[in-house]
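Here is a short report on the two ligand sites. Sequence and structure come first.

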Amino acid sequence: MSLRIVVCVKYVPDATGDRQFTEDLTVNRDDVDGLLSELDEYAVEQALQIAEEADDAEITVLTVGPEDAKDALRKALSMGADKAIHVEDDDLHGSDVMGTSLVLAKAIEKAGYDLVITGMASTDGTMGVLPAILAERLGVPQVTLLSEVKVEDGTVTGRRDGDTASEQLEASLPALVSVTDQSGEARYPSFKGIMAAKKKPVESWDLSDLDLESDEVGLEGSWTAVDSAAQRPARTAGTIVKDEGEGGKQLAEFLAGQKFI
Amino acid sequence: MAEVLVYVDHVDGAVRKPTLELLTLARRIGEPVAVALGAGAEATAAVLAEHGAVKVLTADAPEFTEYLVVPKVDALQAAYDAVSPAAVLVPSSAEGKEIAARLAVRIGSGIITDATDLEAGDEGPVATQAAFAASFTTKSRVSKGTPVITVKPNSAPVEAAPAAGTVEALAVTFGALATGTKVTGRTPRESTGRPELTEAAIVVSGGRGVNGAENFHIIEALADSLGAAVGASRAAVDAGWYPHSNQVGQTGKSVSPQLYIASGISGAIQHRAGMQTSKTIVAINKDAEAPIFDLVDYGVVGDLFAVVPQLTEEIKARKG
Ligand SMILES: Cc1cc2nc3c(=O)[nH]c(=O)nc-3n(C[C@H](O)[C@H](O)[C@H](O)COP(=O)(O)OP(=O)(O)OC[C@H]3O[C@@H](n4cnc5c(N)ncnc54)[C@H](O)[C@@H]3O)c2cc1C
Ligand SMILES: Cc1cc2nc3c(=O)[nH]c(=O)nc-3n(C[C@H](O)[C@H](O)[C@H](O)COP(=O)(O)OP(=O)(O)OC[C@H]3O[C@@H](n4cnc5c(N)ncnc54)[C@H](O)[C@@H]3O)c2cc1C
């Protein structure tokens, strides 16, 4: 029996660009290049490894995002995923985590799954809560923040390195897994992979395909409201000294002046 | 006055500092009712009362340790049902965020994560967040349901405010999902005797410039002279020079100490995401062009192998 894996991937503004908010206080996607959230590459990589171990597996990558988000799907397909689903609808603009997770959960159910894999956090919203929310919505075990993951005989096991302890986890499929950037380097798409990706199917769904109403999502439907966003004032230029033998002592003098010593 | 649920992060009854900070913030919007779960829950009552908890709801059951996250959500939901609070506050640890998020789904509420401040507002609590590697400051609210907000460590002062702290047992019924993810093994992290990274007032971090695990003692010695926690960049962690649990940054710990000292760290955006809100930033780097110098209050362009030991000696001498 085939193992159906759905990987959730987010399309985000490049973190090394000059990220800004627009007037409606949503993310400005026009002035900075978008890409597949780097942390979701780890999710795609683990999906590929799990699929390689399984007798028969199919990987679907899923994104909720604007038209350009197809780029994120293409990248995942060129890494080796089999097919893609793009949930795209003007009414999705400005969705918060509750809205986004609602759409993702509906899409995952419609697609059919045994295993859902996500990244640990997006590189823009960086909330790190969507995986737990998805597990709650889907009613499946959450096996989250794994730095090591394995799927065998309908069971997923993994290691979660927490604040106070490292835990070994186990759950039965269907389940939701999120993986950290400690789970293993993500592969680069090969030339062959990039060519093959062009022929792989990308389905587009909108809200009506998911039986969702426009007021359940988007800026208006959000459960949260952003009232203001202000650029942090640039830090006032600090004192910079060149070490000519006394650098440590000068620094100590500064720290003493600030009452740290 | 409205009650505010505060989820207690504790280790065998020892309450962690971020929870005491939450009590300070909770008092701005109502009367704190604390929820403490697991072994030692009742032992938390005294310190919680000392810091403003009018009531402490406690529960212990094997489920809390044998299964991941969900049993704690069931318990927090039971507390929510018992109290009907004006808001629910949870410390922004990885687990805290997951607990808060699942509760928010169940009670049909919005969630705000990683708040760095909290004030009462006309339409409910207003949270401050740092966005895009802390280059923006946003103010947000939960607009549907009871606000569920997770708060980062070091977001408020710990203040004594003695209250009743009456202990009540919380009745919890575990749902079908509670036993979904089994914890089959647990290796506690060994204590180094140094302060917890996210809670420390001073953090001293080393990066690729430290050039080897065997050199990290230089960073540790400086940290110890200041009573600081030790952090590391991902480059240092990936090289195996220091444990991942000490990584500072986007995919490591997010720290907001009074003083952050970066040695041999270039200041990549992902590193900055985890330390940019530090009050005072100091860097030692031999490259005058390193981006970290854009952030610093004081920077030394120099070789860390010369500067750091000299600094450590000078601190020791001054402290006598
Ligand atoms: C600076 C900033 C702050 C925000 N703060 C809040 C807030 O406090 N409360 C709130 O409700 N919303 C907030 N949002 C909106 C929220 O980030 C988005 O709705 C988002 O899609 C879900 O949160 P996340 O990306 O942070 O998810 P995370 O929980 O960080 O993402 C984890 C994983 O979920 C998957 N995933 C996330 N989004 C998608 C997607 N669109 N398509 C496919 N997979 C996805 C990915 O696998 C990702 O690795 C914020 C957004 C920004 C830019
Ligand atoms: C998705 C993603 C997530 C990431 N998450 C994190 C994260 O959480 N934390 C993190 O730190 N990084 C993270 N990174 C990695 C980040 O992009 C950088 O690669 C990393 O921070 C670099 O570490 P570094 O500054 O120690 O090393 P480098 O960038 O190599 O800098 C080393 C510095 O040391 C200086 N130096 C060398 N020798 C000496 C000497 N003897 N004395 C003084 N100075 C010296 C050099 O001049 C240089 O500036 C992430 C990257 C990605 C893509």
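## Two ligand sites

Ligand 2 lies between chains A and B. The model is predicted. Around ligand 2 there are 27 residues, and Arg208(B), Ser233(B), Gln247(B), Ser266(B) and Gln270(B) come nearest. Ligand 2 takes up the space of the second largest pocket. Its shell draws two or more residues from each of these elements: helix H1 (38–53) of chain A, and helices H7 (234–238), H8 (269–272) and H9 (304–319) of chain B. By class, the shell around ligand 2 holds 14 polar, seven nonpolar and six charged residues.

Ligand 1 also lies between chains A and B. Its shell has 31 residues, with Cys8(A), Lys10(A), Asp40(A), Gly128(A) and Leu130(A) the closest. Chain A gives at least two residues each from strand S4 (57–64), helix H3 (97–111), strand S6 (115–119) and helix H4 (130–138). The shell around ligand 1 divides into 15 nonpolar, 12 polar and four charged residues.

| Ligand | Residue | Residue atom | Distance |
|---|---|---|---|
| Ligand 2 | Gln247(B) | polar side-chain atom | 2.8 Å |
| Ligand 2 | His271(B) | side-chain N or O | 2.8 Å |
| Ligand 2 | Gly252(B) | backbone N or O | 3.4 Å |
| Ligand 1 | Asp40(A) | side-chain N or O | 2.4 Å |
| Ligand 1 | Lys10(A) | polar side-chain atom | 2.6 Å |
| Ligand 1 | Met127(A) | polar backbone atom | 3.0 Å |

How much of ligand 1 does the protein cover? The protein covers 92% of the 920 Å² of accessible area that ligand 1 has on its own. For ligand 2, the cover is 83% of 980 Å².

Note on methods:
Residues are numbered from 1 along each chain as its sequence is written. Chains are lettered from A and ligands numbered from 1 in the order in which they are written. This is a predicted model: local features need pLDDT of at least 70, side-chain atom pairs count only at pLDDT 80 or more; totals for chains, interfaces and linings use all residues. Side-chain values use heavy atoms; hydrogens and water are left out. A residue is near a molecule or strand if one of its heavy atoms lies within 4 Å of it. A polar contact is a pair of N or O atoms within 3.5 Å; within protein, one must be able to donate a hydrogen and the other to accept it, and residues adjacent in sequence count only if both atoms are side-chain atoms. Accessible areas come from the Shrake-Rupley method with a 1.4 Å probe; for residues, only the protein chains shown count as cover. On a 1 Å grid over the protein atoms alone, a cavity is a set of points where a 1.4 Å probe fits but cannot get out, and a pocket is an open set with protein on both sides within 12 Å along at least five of seven lines; lining residues have an atom within 4 Å of a point. A molecule sits in a cavity or pocket if more than half of its atoms lie within 2 Å of its grid points. Helices (H or I, at least four residues) and strands (E, at least two) are DSSP runs, numbered from the N terminus. Ala, Val, Leu, Ile, Met, Phe, Trp, Tyr, Cys and Pro count as nonpolar, Asp, Glu, Lys and Arg as charged, and the others, Gly among them, as polar.
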